[in-house]
Amino acid sequence: GAVVSQHPSRVICKSGTSVKIECRSLDFQATTMFWYRQFPKQSLMLMATSNEGSKATYEQGVEKDKFLINHASLTLSTLTVTSAHPEDSSFYICSARQGLRTEAFFGQGTRLTVV
Amino acid sequence: QQQVKQSPQSLIVQKGGISIINCAYENTAFDYFPWYQQFPGKGPALLIAIRPDVSEKKEGRFTISFNKSAKQFSLHIMDSQPGDSATYFCAAVGLNTGFQKLVFGTGTRLLVSP
């Protein structure tokens, strides 16, 4: 199956700083990438959808100035949490898809802790 | 209409037993129904998936049953093992109908007792 690599797997940052999470498709070209947030014992919540070379489309209620998404190449998307606060602490997961009618594959997730 | 309802919220099954998780949807634009398995601290991994033109799909110990008229689908895990203990999510997406966002169920925490 297709492999999606997410880095880092865990990160701790100080309140007020920014942190970047990378999502890479290792063996296919990802025309679309998705970013999710997951709270403990809850389902995945879609934050935004990004298509290569285009601006990301954010879901309602997600602050685009706080969660910056860049999808500059067909194998890399990044999520930057700006001016992080403790309430941003969560599990962030990306997924990538090749083409419109194909399955999406998930990264292993990033545990962000803001102290 | 975009929701996928999943039950039960949690499930305890003895080793060797059958685990059954049910999901229901409303949106007829959905045409692809995957199931994901997620272990703590990991991303979800695709387990098995089905399209609505078939009523059942089996892969090893995992079977999806699909009822298009009732808009329901379920995951059966035969001969459940302690290693199957994880959270399972059903999902739905419209790959060929333009509804491109994957909609997840609320998840089922499965515990298989030794």
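How many residue pairs are in polar contact between chain B and chain A? The count is seven, with both residues of each pair at pLDDT 80 or more. A polar contact here is a pair of N or O atoms within 3.5 Å; within protein, one must be able to donate a hydrogen and the other to accept it, and residues adjacent in sequence count only if both atoms are side-chain atoms.

## Before you dig in

This is a predicted model, where local features need pLDDT of at least 70 and side-chain atom pairs count only at pLDDT 80 or more, while totals for chains, interfaces and linings use all residues. Residues are numbered from 1 along each chain as its sequence is written, chains are lettered from A and ligands numbered from 1 in the order in which they are written, and side-chain values use heavy atoms, leaving out hydrogens and water.

## Where the two chains meet

Let's start with the interface. On one side, 19 residues of chain B are in contact with 21 residues of chain A (contact means heavy atoms within 4.5 Å). The size of an interface is often given as the accessible area lost when the parts come together. Here the buried area is about 1,600 Å², and carbon and sulfur atoms give 54% of that; the figure is the accessible area (1.4 Å probe) that two parts lose on being put together, summed over both.

The rule finds one salt bridge across the interface, a salt bridge being a side-chain nitrogen of Lys or Arg within 4 Å of a carboxyl oxygen of Asp or Glu. The partners are K101(B) and E59(A), with their closest N and O atoms 2.9 Å apart. On the side of chain B that touches chain A, strand β4 (residues 33-38) gives the most, with three residues. Strands, like helices, are DSSP runs numbered from the N terminus (helices are H or I, at least four residues; strands are E, at least two). That side of chain B divides into nine nonpolar, seven polar and three charged residues.

## Two disulfides

Over all chains, the count comes to two disulfides (pairs of cysteine sulfur atoms within 2.5 Å). In chain A, C23(A) pairs with C94(A), sulfur to sulfur 2.0 Å. The S-S torsion is about 80°, so this disulfide is right-handed. C23(A) sits in strand β3 (residues 19-25) and C94(A) in strand β9 (residues 90-97), so the pair ties together parts that are 71 residues apart in sequence. C23(A) is buried at 0% relative accessibility, and C94(A) is also buried, at 0%. Buried means under 20% relative accessible area, exposed over 50%, and partly exposed in between (1.4 Å probe, protein chains only).

In chain B, C23(B) joins C90(B), with the sulfurs 1.9 Å apart. The torsion of about -95° makes this disulfide left-handed. Both C23(B) and C90(B) are buried. As for C13(A), it is in no disulfide, and the nearest cysteine sulfur, that of C94(A), is 18 Å away.

Most residues other than glycine have a negative phi, and most peptide bonds are trans. Yet the bond from H7(A) to P8(A) is cis, with omega near 0°, and the one from S7(B) to P8(B) is cis with omega near -5°.

K41(A) has a positive phi, near 60°, and counts as exposed at 71% relative accessibility.

Note on methods:
Nonpolar A, V, L, I, M, F, W, Y, C, P; charged D, E, K, R; others polar.
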